[in-house]
Amino acid sequence: MTRVLAGPYCTQILGDLGADVIKIEHPTRGDDTRAWGPPYASYTEQSGKQGSGESAYFLGVNRNKKSLGLSFQHKAGVEILHKLAKDCDVLVENYLPGALKKYGMDYESVAKINPSLIYASITGYGQTGPYSSRAGYDVMVEAEMGLMHITGHRDGPPAKVGVAITDLTTGLYTANSVMASLLGRAKTGRGQHIDVALADCQIASLANIASSCLISGKPDTGRWGTAHPSIVPYKGFKTKDGDVMLGGGNDRLYGVMCAKLGKPEWSKDSRFVTNADRVAHREEMEELIEGVTSTKTTQEWLDIFEGSGMPYAAINDVKSTLEHENTRARGMITEVDHPTCGPMKLLSPPVKFSESKPSIRTAPPTLGQHTQEVLSEMLGMSTSDIEALKKEGVVA
């Protein structure tokens, strides 16, 4: 019972790991992201469907799921949800705290139907606290909970991360917590309510930056762009045709970098001998390096640093990343056959197991694609009953 990103990302991870995921969607408009385009994957002529197609956003986080178009504004819709909750292992929802109580779909109500159910609630600010009634949006939480303040160029304004990273980390935390709860249930036989907040997950992911503030009692050091607050050189430098990341993470690696740049004398320069020296003379050091890196192309520098043991990387755009040789070698793109759009490429599950084989078993569903299947095969409803519900607008 989730839409947009954090919840669907969580349930997609569970689906990749083998869960049978039933996505409850509004019967006419479906998940909000179905309308978030362009781009769209176009319908094939054979599908007979008209319109823009399936949005790339929706397709990116809804593989390995079955779509049940259902309205729980109707009593019959709630009854269907209760039947599903009785037999399912996990329910994930991302409604405001208390919003599902009037439908009898809050944790307290559903736990009476199925005490072993793992019930995960994803919200912006949690089930408790002064902000619990606020809706949660990734970019707002990035702003309010510190991430935006430390993201962007040194002298530039705050910036959001290029993807909705708070939604994604919340989805990851939720999936992890669901798995832990299932292990706990195997010992106790009881389910539990998991309260996951975007705000909490964002604060947790501040990691070493938050730790530095807690230990020092001082504010953070602001935005650093591609640079590092306490390691120099460690940033992106312009090349003749792009950018390259270089990381002299210790004095030895710094010496390797100097040699590869054709400037071995820099490693003996009193301004730059130790990392503390280089941090103190950051601007001079970085200006000297960029004066050299800008004389060759990114690929030329990649060839020069190959095998040196020093951290280096091209700064690639997303298309280049998807075409990268390591991306291909690791099988990170999978082609699937979509029921109405035909063959399409999707990102693959990222983790490789020695025994298990997480995979894309089914393409992201069309709205209500599995309504008939779920109601008849899982709940034992007759064709006539299902058709009656469709006429009433309960399901689609």
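1. Ile386 is buried, because its relative accessible area is 0%, where buried stands for under 20% relative accessible area, exposed for over 50% and partly exposed for what lies in between (1.4 Å probe, protein chains only). Ile386 belongs to helix α16 (residues 383-391); helices (H or I, at least four residues) and strands (E, at least two) are DSSP runs numbered from the N terminus. Apart from neighbours within four places in sequence, Ile386 is in contact with Gln372, Leu375, Ser376, Met381 and Val395, a contact being heavy atoms within 4.5 Å. Between Ile386 and Ile13 there are 373 residues of sequence separation and, from C-alpha to C-alpha, 30 Å in space.

2. A word on the source: this is a predicted model, in which local features need pLDDT of at least 70 and side-chain atom pairs count only at pLDDT 80 or more, while totals for chains, interfaces and linings use all residues. Residues are numbered from 1 along each chain as its sequence is written, and side-chain values use heavy atoms, with hydrogens and water left out.

3. As to the whole protein, its secondary structure comes to 16 helices and twelve strands, and its C-alpha atoms fill a box of roughly 85 × 55 × 40 Å along the principal axes. Of the 396 residues, 41% are buried, and among contacts with a separation of 6 or more, 67% come from residues 24 or more positions apart. The protein exposes about 20,800 Å², of which carbon and sulfur atoms supply 54%; accessible areas come from the Shrake-Rupley method with a 1.4 Å probe, and for residues only the protein chains shown count as cover.

4. Helix α1 (residues 6-16) is largely enclosed by the rest of the structure, because nine of its eleven residues are buried. The buried residues of α1 include Cys10, Thr11, Gln12, Leu14 and Asp16, and the buried residues of this helix pack against β1 (21-25), α2 (56-60), β4 (65-69), β5 (90-93), β6 (118-123) and α6. After α1 comes Gly18, which has a positive phi near 115 degrees.

5. Helix α6 (residues 165-188) also holds Met179, which counts as partly exposed because its relative accessibility is 37%. Together with Leu17, Val351 and Phe353, Met179 makes a nonpolar surface patch of about 350 Å².

6. The structure holds seven aromatic pairs. Tyr125 and Tyr131 make an edge-to-face pair, because their ring centres are 5.4 Å apart and their planes stand at 80 degrees; the rule is that rings of Phe, Tyr and Trp (its six-membered ring) pair if their centres lie within 6.5 Å, with planes under 30 degrees apart counted as stacked, over 60 as edge-to-face and the rest as tilted. Tyr125 counts as buried at 10% relative accessibility, whereas Tyr131 is partly exposed at 31%. Trp301 and Phe305 form a tilted pair, with 6.1 Å from centre to centre and 35 degrees between the planes. Both of these residues, Trp301 and Phe305, lie in helix α12 (residues 298-305), four residues apart, or about one turn of the helix, and both are buried. Ring pairs also link Phe72, Tyr95 and Tyr103 into a cluster.

7. Two charged side chains deserve mention beside the rings: Arg154 lies over the face of Trp224, at 3.7 Å from the ring centre, and Lys235 lies over the face of Phe237, at 4.7 Å from the ring centre. A charge sits over a ring if NZ of Lys or CZ of Arg is within 6 Å of the ring centre and within 35 degrees of the ring normal.

Key: Patches are made of residues with over 30% relative accessible area and no salt bridge: like charges are joined within 9 Å, nonpolar side chains (Val, Leu, Ile, Met, Phe, Trp, Tyr) within 5 Å. A salt bridge is a side-chain nitrogen of Lys or Arg within 4 Å of a carboxyl oxygen of Asp or Glu.
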